[in-house]
Structure formats: C-alpha cells, structure tokens
Amino acid sequence: THARIRIDPTDVVGDLSPRVFGTFVEHMGRCVYGGIHDPQHPSADADGFRGDVLALVRELGATVVRYPGGNFVSGFRWEDSVGPREERPVRLDAAWHSIETNQVGLHEFAGWAERAGLEVMMAVNLGTRGAAEAAQLLEYCNHPGGTALSDQRRANGAADPFGFRLWCLGNEMDGDWQIGHKTAHEYGRLAAETARLMRFVDPTVELVAAGSSSADQPTFGEWEREVVRLTAGLVDHVSLHAYYEEKPGDLASFLASGVGLDRYIESVAAILDEEEAALGERMQGRRLGISVDEWNVWYLDRFNEQDKEPLLTGAWNVAPRIIEDEYAVADAVVVGSLLNSLVRHADRVTMANQAQLVNVIAPIRTEPDADAWRQTIFWPFAVTAARARGAALRVAAECATVPTDAYGDVPVVDVAATTAGDRVEVFCVNRDPENPVEVTLAGAHGALRGAHDAVVLTVPDGHDRFVTNTRDAQPVGLRELDVRVEDGEVRLTLPALSWAALGVV
Ligand code: AHR
C-alpha cells in the first residue's frame, strides 16, 4: 500500500514548545531509590546519584521534569525532605504502600535536575494539605532570603533560590484512588485559593490546574468546566493525563492510540475555548494551555487485575518494584505516535511529561548490579525531542485506513512534522503490523531536494514483535532507513509496525 504526504512549510499549526518533551520523576517504586539514586552502584557520584542513569537521561533529551508525584504528592510533607539527611523522618507513603526514607529530598533533586539539564515542575500537595503549605514551599524555594523559610533553605545549602517557575496544583484530584480525592467544586475552590496565595508570594509562577486523569473518567468534561470557572484568571494551564495499553486481541486499537490522544486533546481544547469565551474578562487575557503532564503506554489493566492488591496491601518496603513494564516494539511505535499527536497540537499543548523516567513505566531501566539500559520506548522520545523544533506543521497522510474497535477507521500512516530554518523534520508511523507502506513525501511549493538522517525502529531481524530490551541484550533500536530522492519527491518504505524520522529539504 501507498501513502502520500504533502509537506507545506508555510502551513503552520503553531510554535512547538520544548516543554512538550518533559518527563516525570515520582517517589514511587524504584524511580528515585534504585533508579536515579543508588549510592551502592559503581557509577554513583558523591551524592549517590547514578552516573550511568544521568548519562542516559541527558541522551533522552527531556526538557522538564515533573516532581515529586503523582499520587505520592497527595500525602507528602515537603518539610520532611529538607535539612540534615540523618534527621529526616521515615514515613509511610500511603499512596504506594511504601516506606519513604526522605534521603532524596528537595535539595538533592534540584541539584540532580540541574546536572541533568531539566527544568523542575513542582507539584504541591492538595490532597491532605492546602494553600498555606503550598505557599510555604514556594517561599522556601523561590524567595531570595531574609524570611524564616528562605533562610532555612539557605542554611540547608542553597544560597540562591531554586527559582522554580512551573507548579502543578495537586495531582489527579478527580480520581477516587487519590489521597484527598475531591469533587470538581471542592478542588476548583482549593486550587483557586492556592493559586491566589502562590501568586502573591511569587507573581512569576506558572500554574497548572489538575484536569481529568483520563478521558474515561465519569466526570470528564464537567470537571474541566467547573475547574476552569473556579480558577479563572488564576491559572495558566489545565492538565490531562493519558495512558494507553494493548488490550488482549486488539492490537489495531492500541496502534491507533495517537488518534485517541488527538481526540482527547481536542475535546479538552473545545471545552477550554467555550469556557474562556463565556468567562470573558474574568480570564484576564489568559488563554489556557493544555499540560499533558502524564502520558505513556502503561499496562494498567494488568496492574489492576494482578498486582495492585498485593502491592498495596502487602509488606511495607522501601522502593518496591512497582509497574516496571517491559516495552516491546508496538509500545515504542505507539509512543512515537503519541509524540506525533503532541506535536500536531502545538498550538494548544504547552507542556507534556512522559510518565515516568526510570524503572516505573519508563524509557530507562536499572538493576543494582548492571549498567542502565534503554527500553524500546527510549528511541522515539530521544529522536523526536532532539529533532522536533520550531513550528509544527499541519500534515496528514493520504493513505488507506485500518478499522479499529476503539476509534473507527484510522489512517494506516500517522505523521507529524516541524520546521526550523530550511529543513523539515518528519516523524511517521506505519500502523500495519503485517505489511510495509511505500511513502512519498512531496513539497507543496516545489521539488524536495534531499533527505537526511533517516532512521527507523521496527521488529529487528530474527525476532517477533514481542521482543524487549533487557539488561543483557537490547536488540530494539534505530537503524538507518533507505530514502531516495526522485523527481523532486522523497520515497521510502516504512516497514510493517514501525516508527521513523527523517529530515527533508
Ligand atoms: O505515573 C503513575 C501514576 O499514574 C501517578 O502516580 C498518578 O498520578 C497516575 O495515576
């Protein structure tokens, strides 16, 4: 089958924010302890952070890191995580039925994030706590000095303020699994008053109100409307969270997850537009952005059915192994198409965070006695984050469709593109698990002259689609993709079940 993609560098959706390539570190499972941090590992630095993980984090090229949760933040006392390590309290983390030692805290994490080149996006606890504690944390982090809290930070080793700009007002407060779960009205009022106080303390902050934790939430839609009305003029972004998984016997719907994310983003955008129009001047000139601040492939059904009960009711352990999903080829292809969806919505998606960074549904995996390794999903993220730049283009493939139970008929080829300078970066997916697609790229305003750096991720020779990368072998990676420039068009063959990237001029 064939696909034709028309490239028009003047047909711009909007400028792509580098913040769309964010990641997420939660105090959950082995993301922090045994993940980014393991003083026993041969590569650990003086602070106990693993050097091999840091190198892979840099290679991944993420821009922003959301921290410290997730569900964890809804029971967290930030004060426990500062000051001399030997005096920090050990606590129960009720969200993940774990023991939190607080040995990695605010200062250690801020230092690590700086070394990793990541902007910190802090989340405040609106589960068990409220406006006062959020504002105190903000003062501790961002006020230069001369107050009790800012001087406490200085005494704890940070003479300069951390200067965190991005703040999440709670996490997934619409979910009945959340500590301190609220109705939209309860949350909207609390978020508004927290935002008001935080802005008084530091008017430069950018605030994210928690939207829905999934498009399947029974409150989806009404939640956004109520929260937007109650926080009008006080917040800058509204979040959405989106996880996708392959359900037994339905690979086609899974491979169409990018269409699901497109529709979810577009539904939220339409709600925001309607509410903003109705609120008029109460928005104080703000156009709300969408922060997709948790997204990924997550085998959540498997977790809920098999693992959740024992994990959440068994022994209380430090850094238990929780949701360490091992990703196969289709998962990487879907991650590529989810990134495409984020790029296509550059006019509205102001931020996004792949959840999470290490071990916990993560592109990077560790074991105590091995070098860190890249999961399959590492590759589309790293390449898209490195290459998608400048303006996102309106682009679609003219091609056959495939039927799916979840989303109806969807195009077999998924595509996104960006442009900076005279080069256009193209990212495409072949959703057909059996057959290759012949792809032609054509310039809308004249001949294409060349194609560069074409890479593809697909099922490696000698394996099937279920192959994963393990500590011992990482067969799934990038290989060069053959491209031909003929008659002013770029031609390539997308293998069955593949994700590819190339630059064209
Ligand atoms: O990323 C894992 C969990 O997923 C987060 O803690 C929570 O916010 C979401 O439900």
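**Entry 1: domains.** I began with the domain assignment, which gives domain 1 (17–387) and domain 2 (393–504); such bounds come from an automatic or database domain assignment. The centres of the two domains, taken over C-alpha atoms, lie 30 Å apart. Where they touch, 33 residues come from domain 1 and 34 residues from domain 2. I count two residues as in contact if their C-beta atoms, placed from the backbone, lie within 7 Å.

I then asked which element gives the most to the side of domain 1 that touches domain 2. It is α10, with ten residues. Elements that each supply at least two residues there include α8 (257–279), α10 (329–344) and α11 (378–387). By class, that side of domain 1 has 18 nonpolar, nine polar and six charged residues. Here Ala, Val, Leu, Ile, Met, Phe, Trp, Tyr, Cys and Pro count as nonpolar, Asp, Glu, Lys and Arg as charged, and the others, Gly among them, as polar.

**Entry 2: ground rules.** A note to myself: this is a predicted model, where local features need pLDDT of at least 70, side-chain atom pairs count only at pLDDT 80 or more, and totals for chains, interfaces and linings use all residues. Residues are numbered from 1 along each chain as its sequence is written.

**Entry 3: the whole protein.** I found eleven helices and 27 strands; these are DSSP runs numbered from the N terminus, with helices (H or I) of at least four residues and strands (E) of at least two. The radius of gyration is 23 Å, close to the 23 Å that the globule rule gives for 505 residues, so the protein is as compact as a globular protein of that length. The radius is taken over C-alpha atoms, and the rule is 2.2 Å times the number of residues to the power 0.38. Along its principal axes the C-alpha trace spans about 70 × 60 × 45 Å.

**Entry 4: V13.** I looked up V13 and found it in strand β2 (residues 12–15). Is V13 buried or partly exposed? It counts as partly exposed, because 19 C-beta neighbours lie inside 10 Å; buried needs 20 or more other C-beta atoms within 10 Å, exposed means 12 or fewer, and partly exposed is in between, with C-beta atoms placed from the backbone. Its C-alpha atom is 7.3 Å from that of H345, 332 residues away along the chain. Beyond its neighbours within four places in sequence, V13 has contacts that include R344, A392 and L393.

**Entry 5: ligand.** Last, I listed residues around the ligand, among them E26, N71, E172 and Q356; near means a C-beta atom, placed from the backbone, within 6 Å. The shell has two nonpolar, six polar and three charged residues.
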